[in-house]
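Welcome! Please take a look at the sequence and the 3D view below, and then read on for a short tour.

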Amino acid sequence: MSFDNILNNWSNFRKGSEEGGHHKYEHRWAMAINLDLCIGCNACSTACYAENNLAVVGKEKFEKGQAMHWMRIERYWDQQEKDYPEQGASFLPMMCQQCGSATCEPVCPVAATYHTPDGLNAQVYNRCIGSRYCSNNCPYRVRYFNFYSYYESSWPQPLDKQLNPDLTVRDKGVMEKCTFCVQRIRVAKDKAKMEDRAVQDGDVITACAQACPTSAIVFGDTMDENSLVYKLWKKHQVERGVYQKTKYAKKDPKLRGYRIFEELNTDPSVMYLERVREDI
């Protein structure tokens, strides 16, 4: 697309995919996370470490802000005035939101991060120069910079045998983040192509969703109307958006879907289902 066409069609670049935005998607991978089922066990984060060859940096580097986890469990207490809240903590898994209008993409000086036909914010490691502009521009704080060559000490023999051969081990000086387990997506798409069929719901499951003991994380393609994630999005997110425009806004507890920082128009691909609790 030429620069003149971009200027003439600039409004399309700020539209979400449901509004006919400029991206021509083959798939739109997304998540629906039920906070009522999340117990904060960190199994998802642990599985992400193992699947994506993430280094454990240790307490000292972690305290300096040099953590390398691609997803984290955030904890909130609604009853802050009480020492021991009866309702307990609220847990919220936070990973790259794979935004349709990602703020990290336009600021990269070498186009190391870009948008894919699958609706993912991809990262090209051998193009990245470590400017960290993408990290500064990410409102979710889910991009991480390699300050050291962690592979030199993180996996001493025989621990190096557990590294995932489908992924490279990144070196110092580059940014990295959650990819929605893109290596699994590629395997599923290649297999479907060899079998001369479309990718079906359930062919791709991310490491975090696979490890979740309560099945709180649902992953799939929102362009597949038969997928569970599409049905959850349509039920809780789309209907809620229509519902909130009426005088009965926020009166129906069944419509629990929301997206983090949705008001920034980043068009995230992760929908959270609010936790349902009784007032005490």
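## A sheet of four strands

What you see is a predicted model. Let us begin with a sheet. Here 4 strands come together in the order β8-β1-β10-β9. The sheet is open, and its pairing is mixed.

Which strands stand at the edges? They are β8, covering 217-221, and β9, covering 257-258. Each of them has a single partner strand, so one side of each is left without a neighbour in the sheet.

If you look for G257, you will find L273 of β10 standing opposite.

## Backbone angles to look for

In the loop between β9 and β10 lies N265. Its phi is positive, about 60°, although N265 is not a glycine. F180 has a positive phi too, near 60°, and is likewise a residue other than glycine. You will find F180 in the loop between β7 and α7, the helix at 182-194. Is F180 buried or exposed? F180 is buried, with a relative accessible area of 1%.

## A cis peptide bond

One more stop is the peptide bond from Q157 to P158, which is cis, with omega near 5°. P158 has its place in the loop that runs between α6 (151-154) and β7 (175-176).

Key: Residues numbered from 1 in each chain as written. Predicted model: local features only at pLDDT ≥ 70, side-chain atom pairs only at ≥ 80, totals over all residues. Heavy atoms only, no water. Pairing = 2+ DSSP bridges. Helix = DSSP H or I, 4+ residues; strand = E, 2+ residues; numbered from the N terminus. Buried < 20%, exposed > 50% of the residue type's maximum accessible area, 1.4 Å probe, protein only.
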